[in-house]
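Trainee: Could you take me slowly through the way the helices pack in this model, and then through the nonpolar core beside them?

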Amino acid sequence: MVNNNKLQTPNFKPLNQNLLLIAIIVGLILMSTKFFAWWLTNSNAILTDALEGIINVMAGAFALYSLILAAKPRDENHPYGHGKVEFISAGFEGGMIFLAGLLIIGKGIYNLIYPQPIGQLGIGIALVAASGIVNYLLGYLLEKNGRQSNSLILMADGKHLKSDAYSSAGLLVGLTIVYVTKIAWIDNLTAVLFGAIILYTGFKLVRESVAGIMDEADYKLIEKMVQHLATHRRPNWIDVHNFRVIKYGNTLHVDCHVTLPYYFETRTSHNEVKDFEAVVNESSPSPVELFVHIDPCEPPHNCTICQKMDCPVREAAFQLNVQWTLNNIMKDEKHYE
C-alpha cells in the first residue's frame, strides 16, 4: 500500500538558489582579492587561499545548477524526482576541494625546497583576514539554510566556505609569525599543513556523496524516526519491521512492513496507514513518501506481543512488549515472543 497524500514537490525555496547566486558573486570578489594579495606578497600561504577561491566559485556554480535541477518535478524518466543530483554536486565539490588540497601541498613542498622572497605581508594579512570573515559568515548562512531545508547542496557549500575561513584563520597565524620573525619557510610549512586539512575536508564530502548515491543507511535519521514511532505507537500496530529510508535530495522514501489485525477491512487498514504516515512525517524535517506492506497478524504467535487488549480473536495472552529499536526494526523478520 502506498500512502503519499501529504507528499509534495521537494521544498526547494527560491531563497536557496538566491543564496548560492550571492555566494558565487561574493566568491568571485574574494578570489580576486586573494590573488591580488598573493601578487603583492608572493606568499605561498596566501596562494593556497587564492587557489581554493577558484574551487569555491566553480563548485558554487555547479551547486546552483544542481539545486535548480533538483527542484524540477518528477517525470516519466525520473519517477522519484531529480534529488539524487545533490549527491553528485556534493561529490564534485568534494573532488575539487581534494584537488585544491593536493595543489596546495605540492606548491608548499616545492617552495620549501626552492624558497622565494616574501614582501608587503601587512597588506596581505589584512586582505586575507577580511576575506576569511566574509567566507565564514556566508558559509554559516548557507549551512544553516541547508539544514533547515535538508539540502545537501547548501550544507556542502556552507561547510566548504567555513573550512575555507578556518584555513584563512590558520594561515593568518602563520603569516603573522612570518611577519614578526622574518622566517620565510614558515609560510610554506603553513601552506602544507592547511593543504592537508583541505584535503581531508574534500575526502569527507566525497565520502558523504558516495554514501548517498549508494543509498547507505542514515542511522541517525532512522533512529530518530524509530524513537518517535515507539513513543507514539498505536495498539493496532502490532509490529513494524524491514524499515528502510532512502534519500532523494530533499525527499525521503520510507518503506516498511506493518502488522495489523487480520480481520481489518481495507478501509480500516488504509486509515491505520495514514495515521502511521502522519507519525513518521512528524519525525522528519523533509517530505516523506511512504510505502507500506501490510502483514496480517498470525494468531497465536502475534498474540503474545499484541497490545490490542480488546481484540475479539485473541488466542494467547499478552506476554511481552517488544520495544522498537534501530536494531530490530530494520531487520526483515517479524517479531514474536
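**Helix packing and the nonpolar core**

Mentor: Helices α3 and α6 are roughly antiparallel to each other, because α3 (residues 85-113) and α6 (residues 185-213) pack at an angle of about 160°, with their axes 7 Å apart. Angles under 35 degrees count as roughly parallel, over 145 as roughly antiparallel, 65 to 115 as roughly perpendicular and the rest as oblique; the axes are lines fitted to C-alpha atoms, for helices over the stretch in contact, and the angles run from 0 to 180 degrees between N-to-C directions. This is a predicted model, in which local features need pLDDT of at least 70, side-chain atom pairs count only at pLDDT 80 or more, and totals for chains, interfaces and linings use all residues. Residues are numbered from 1 along each chain as its sequence is written, and side-chain values use heavy atoms, with hydrogens and water left out.

The contact between α3 and α6 is made up of 21 nonpolar, 12 polar and two charged residues.

The axes of α7 and α8, by comparison, come within 9 Å and cross at roughly 130°, and α7 and α8 are therefore oblique to each other, with a right-handed crossing. Here Met225, His228 and Leu229 of α7 meet Phe276, Val279, Val280 and Glu282 of α8 (contact means heavy atoms within 4.5 Å). By class, the residues of this contact between α7 and α8 are five nonpolar, one polar and one charged.

Some of these residues return in the largest nonpolar core, which has 24 residues and in which Met225, Leu229, Val240, Phe243, Val245 and Phe276 have the most contacts. Such a core is a set of buried Ala, Val, Leu, Ile, Met, Phe, Trp, Tyr and Cys residues joined through side-chain atoms within 4.5 Å. Two or more residues of this core come from each of α7 (219-231), β2 (239-248), β3 (251-260), α8 (266-282) and β4 (288-296). Leaving aside neighbours within four places in sequence, Phe276 is in contact with Leu229, Trp237, Val240, Cys256, Val258 and Leu290. A second, separate core of 14 residues includes Met31, Ala63, Leu142 and Leu161.

Ser269 also lies in helix α8, and Ser269 is buried (under 20% relative accessible area, with exposed over 50%, partly exposed in between, for a 1.4 Å probe and protein chains only), having a relative accessible area of 9%. Not counting residues up to four places away in sequence, Ser269 touches Leu260, Phe264 and Ile294.

Definitions and conventions. Helices (H or I, at least four residues) and strands (E, at least two) are DSSP runs, numbered from the N terminus. Ala, Val, Leu, Ile, Met, Phe, Trp, Tyr, Cys and Pro count as nonpolar, Asp, Glu, Lys and Arg as charged, and the others, Gly among them, as polar. A crossing is left-handed if the near helix is turned anticlockwise from the far one by less than a right angle, and right-handed if clockwise.
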